[in-house]
Amino acid sequence: MRNEIDDTLKAKKQEFRSRLIDYVDKYRTFLKNDIDNRLDIYFCELVNDETTHNIYEYGAAVKFFRMLGMYDIDTTRAKKFIRFYESLYFSGLKGRRKYRLTPIQVFQFVSIYLFLRDDGTRLVRDAILFVPRKFSKTTGAASIAVYDLLFGDSNAEIYIAANSADQSSRCFRECKNIIQQFDRDNKMLRKTQSEITWNKNDFGKESSLTRLTAGGKNKDGANASLFIYDEYGSARYVKDRSDGAELFNVMTSSMGARKEPLTVIITTASRVTYGPFEPILNNAKEDLIKENPESDSTFSSIFCPEPW
């Protein structure tokens, strides 16, 4: 039985690859000229080297092209985020510096920001980035958070959460350092140890960016527009209770009034075998393999060994 399942999955991967070859040939000029050449580079990597890419990468790529034929798109918004990211200085071994997005990162961010609903709002409302270590996880999370603080709703509420104060502080500190690049005198934004808020301004901006820790004080009165959970894969159940899951549920349930809410889980693999992220990851894997159209509002980028 196990061998039959494995053979079915292997055949599905080959089917994905075959369809991807046709998609890349059909959309190559559009990808290069209208969005970003690195998308074509990434898809060609998938086509040419199936041994280093798993079935979930192929599923996400095929899903991207299927959605191109189904939904309206906003290339301006997608390219705006890429330009924003590549204009920032992030921490590094040799001091703060700019980084050029890799082809897979371009694919991830474009997949989040490109597609539109019928009413013109962003289609993707949930993003699951299950990535290896040293994958620029913190810079990615910080860039999304600062982008929403600057260009999101006038009253945006951005929350960055993690399982420990140290982890949430790391991403929050990167956000503060990014903002310091263009607001050295703190004229635009007020920064504390746990929150960044707009000062009184002529733009009508009242947005805030707050860091949270599982097990800490929950924001029961929140109206979150963006919720980022860093290392949710390490959240665990203890006696059938999880501080991380409780925080996650409180924040995601607070988004009902927002027109373009976004929840981002960005995490690496962990040793936790009984935690709230496990069913989310398993459902995302299944949706990619089965090509579930009801999951189009979720973008999943999953790096892990093949399931066989």
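A crossing of two helices is called left-handed if the near helix is turned anticlockwise from the far one by less than a right angle, and right-handed if clockwise. Keep that in mind as you look at this predicted model.

Let us start with helix H3 (residues 55-68) and helix H9 (residues 277-290), whose axes come within 8 Å and cross at roughly 60°. Which hand does the crossing of H3 and H9 have? The crossing is left-handed. Angles from 65 to 115 degrees would count as roughly perpendicular and those under 35 degrees as roughly parallel, so H3 and H9 are described as oblique to each other. You can find the meeting point by looking for Ile55, Tyr56, Gly59, Ala60 and Lys63 on the H3 side. Their partners in H9 are Lys285, Leu288 and Ile289.

**Rings that pair**

Now turn to the aromatic side chains. A pair of aromatic rings is described by the distance of the centres and the angle of the planes. The count here comes to 31 aromatic pairs. Two examples are set out below.

| Pair | Centre to centre | Angle of planes | Arrangement |
|---|---|---|---|
| Tyr147 and Phe151 | 5.1 Å | 55° | tilted |
| Trp198 and Phe203 | 6.2 Å | 80° | edge-to-face |

Why is the pair of Trp198 and Phe203 edge-to-face? Planes over 60 degrees apart count as edge-to-face, and the planes of Trp198 and Phe203 are at 80°.

Tyr147 and Phe151 both belong to helix H6 (residues 137-151). They are four residues apart there, which means that about one helical turn separates them. Tyr147 is buried, at 8% relative accessibility, while Phe151 is partly exposed, with a relative accessible area of 42%. Phe151 has another neighbour to look for: the charged end of Lys80 sits over its ring, 4.3 Å from the centre.

In the other pair, Trp198 is buried at 13% relative accessibility, whereas Phe203 is exposed at 61%.

Ring pairs can also join up into a cluster, and one such cluster links Tyr23, Tyr27, Tyr42, Phe43, Phe64, Phe65, Phe107, Phe115 and Phe299.

**A lysine to look up**

Finally, find Lys13 in helix H1 (residues 2-35). Is Lys13 buried or exposed? With a relative accessible area of 6%, Lys13 is buried, because anything under 20% counts as buried. Setting aside neighbours within four places in sequence, Lys13 is in contact with Glu50, His53, Asn54, Ile55, Tyr58, Glu306 and Trp308.

Conventions: Residues are numbered from 1 along each chain as its sequence is written. This is a predicted model: local features need pLDDT of at least 70, side-chain atom pairs count only at pLDDT 80 or more; totals for chains, interfaces and linings use all residues. Side-chain values use heavy atoms; hydrogens and water are left out. Rings of Phe, Tyr and Trp (its six-membered ring) pair if their centres lie within 6.5 Å; planes under 30 degrees apart count as stacked, over 60 as edge-to-face and the rest as tilted. Helices (H or I, at least four residues) and strands (E, at least two) are DSSP runs, numbered from the N terminus. Buried means under 20% relative accessible area, exposed over 50%, partly exposed in between (1.4 Å probe, protein chains only). A charge sits over a ring if NZ of Lys or CZ of Arg is within 6 Å of the ring centre and within 35 degrees of the ring normal. Axes are lines fitted to C-alpha atoms, for helices over the stretch in contact, and angles run from 0 to 180 degrees between N-to-C directions. Angles under 35 degrees count as roughly parallel, over 145 as roughly antiparallel, 65 to 115 as roughly perpendicular and the rest as oblique. Contact means heavy atoms within 4.5 Å.
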